[in-house]
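Subject: Structure for you, with notes

Hello,

Here is the structure I promised to pass on. Please open it first, then read the notes below it.

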Amino acid sequence: MSLAITPEPKDRMNKRIPVPFSTQLPEIIRNNYGKWIDRKFHGNGIIEHISETGDRIFTIKVGLPPNSRLSVDTLEKFVDIADKYGLGVVRATRGMNLEFITDSLDKALKIKEEVEKLGFPVGGWGRSLWHITSCTAYLTCTTAVVDAPSITQVLYNYLKPYFTGEIELPAKLMIFVAGCPNICGGTLAGDIVIVGHYGQAPKPDPERIKFCLPASAEALKKVTPDVAAVCPVGAIKLFGKPDGSVGIEVDERKCIACSRCKNVCDYFDWDPNKIGVAIFAGGKTSNTGTGPRLPYRVVPWLPVNPPEYREVVAAVRKIIDVWRSEAKPGERLGDYIDRIGIDEFMSKLGVPRTRHNRCEEASWNFGVRQFITYM
Amino acid sequence: MELAPRRHRIGDMIIRRGFKVISEVADKTLPNKPRGTPSAHLRVSIGAVLTDDERKMYEDWSRSLVKEYFSEG
């Protein structure tokens with residue numbers, strides 16, 4: 001089989017973007033484009049795709065470390081496996097997994113064996129944990145509140161049997177871990193979403209906050225600085241001082257700790273003991289069951305204690321256990337919560353109810369649902 | 001056409017200006033137009049400013065869970 005899927009190096013240098021994507025595809029996939037009619041699972045983590053032409057390919061899904069952080073050495077090993085047993089291509093998924101593609105079940109099982117030898121799990125399809133997606137957090141980010149990848153790693157340590165299919169779940173489960181409320185590493189509309197947040201109102205650094213403010217009270221009359229403009233609840237108030245400089249006040253009663261002010265100004269102080277994570281449950285982006293929806297904030301705050309993050313792991317395991325023990329086959333976490341009611345779900349978790357996790361049932365659907373009522 | 005203010009994402013613009021922005025920006029010949037008022041879903045605000053008592057409440061709950069799942073306090 002010819003595998004001329006990339007141009008020669010000299011041509012590669014001259015190629016223009018966008019290149020026709022078909023030139024990037026292995027021949028068997030290019031020949032069967034749009035002709036796939038069926039698929040079959042071979043254990044958890046291997047899918048057979050069947051074409052109307054009779055051709056078949058096999059995709060093997062491999063779980064990667066948090067945030068897909070891989071050494072060049074490991075990547076080279078994956079490349080060797082893809083060259084030796086696969087079609088010479090791999091696909092990085094949105095869920096931070098890696099998919100190998102090959103043309104026979106024997107080779108697929110061999111790929112599974114080889115990556116498992118390297119310590120990577122194979123799985124993540126059907127009624128299982130599909131992925132735990134995480135942002136980069138402290139690796140490159142300036143706004144991270146908690147180290148999302150390390151939380152992801154400890155979660156994987158305990159939830160790996162759900163990924164490999166050793167323990168079956170009622171339906172697919174997607175977990176997202178975000179280091180701050182910006183949620184770059186995924187979406188809030190996940191089955192379980194863990195988001196790091198400050199849990200407190202920001203305290204302006206008395207010495208350096210001036211670098212985020214207009215130089216004078218006179219200048220303040222002409223422009224609203226970003227640090228105040230971005231606050232969604234108007235909790236940040238700027239005012240001119242008698243000496244002509246600009247002062248800043250944060251109203252703690254209004255603040256919702258969204259940390260948008262932190263995005264535009266680094267000169268705020270935070271008490272590290274009040275930093276924590278919120279846990280959301282029951283969201284999804286797919287159109288199955290009750291359709292796409294935002295999740296409930298079931299736990300507004302939990303302490304973060306590295307390196308084991310036991311409080312977070314225990315809370316996630318509790319949510320999964322309640323769902324596993326009572327959900328019907330195929331019932332996503334959000335659909336299960338809908339069936340029994342959010343109050344019942346919260347009481348099964350035993351989580352304290354406060355003003356932060358009242359979880360009203362009204363208007364939880366995505367905005368997109370409003371488009372259904374066309375004029 | 002009015003541009004969105006600085007740091008406003010598409011969703012922010014829709015909430016600020018209403019669904020009319022869809023026919024203005026996307027397609028003036030759109031046959032069906034969404035109606036109603038888009039909302040910001042503040043219910044799912046991510047952060048939360050907790051009092052010390054509230055924080056203690058969740059800390060105690062998590063401690064009980066740690067005991068349940070890790071067999072130690």
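Start with one strand pair in chain A. Strand 6 of chain A and strand 7 (residues 173–178) of chain A run parallel, joined by five bridges. Within that pair, A:Ile132 sits opposite A:Ile175 of strand 7 of chain A.

Keep in mind that this is a predicted model. The predictor gives the complex an ipTM of 0.85 and a pTM of 0.87.

**The mixed sheet**

The pair belongs to an open sheet of five strands in chain A, ordered 6-7-8-13-14. Pairing in this sheet is mixed. Strand 6 (129–134) and strand 14 (296–303) of chain A are at the edges. Each has a single partner strand, so one side of each has no neighbour in the sheet. From one strand to the next, the twist averages 15°.

Several of its residues are buried, including A:Val312, A:Val313, A:Val316, A:Ile319, A:Ile320 and A:Trp323. Among the buried residues of helix 9 of chain A are also A:Glu311 and A:Lys318.

**The antiparallel sheet**

Chain A has another open sheet of five strands, in the order 1-2-3-5-4. Here the pairing is antiparallel. Which strands stand at the edges? They are strand 1 (36–41) and strand 4 (90–92) of chain A. Each has a single partner strand, so one side of each is left open in the sheet, without a neighbour. The twist averages 25° from one strand to the next.

Strand 4 of chain A pairs with strand 5 (residues 97–102) of chain A in the antiparallel sense, over three bridges. A:Ala92 stands opposite A:Leu98 in strand 5 of chain A. Helix 3 (residues 72–85) of chain A packs on this sheet and touches strand 4 and strand 5 of chain A. Its direction makes about 20° with that of strand 5 of chain A.

**Confidence in chain B**

Chain B has a mean pLDDT of 78, and 71% of its residues reach 70 or more. Helix 3 (residues 52–70) of chain B scores highest, at a mean of 96. Confidence is lowest in helix 2 (residues 20–25) of chain B, at 72. Where pLDDT is low, the predicted coordinates should not be read in detail.

Best wishes

Conventions:
Residues are numbered from 1 along each chain as its sequence is written. Chains are lettered from A and ligands numbered from 1 in the order in which they are written. This is a predicted model: local features need pLDDT of at least 70, side-chain atom pairs count only at pLDDT 80 or more; totals for chains, interfaces and linings use all residues. Two strands pair if DSSP finds at least two bridges between them. Helices (H or I, at least four residues) and strands (E, at least two) are DSSP runs, numbered from the N terminus. Axes are lines fitted to C-alpha atoms, for helices over the stretch in contact, and angles run from 0 to 180 degrees between N-to-C directions. Two residues are in contact if their C-beta atoms, placed from the backbone, lie within 7 Å. pLDDT is the predictor's confidence in each residue, from 0 to 100. A residue is buried if 20 or more other C-beta atoms lie within 10 Å of its own, exposed if 12 or fewer, and partly exposed in between; C-beta atoms are placed from the backbone.
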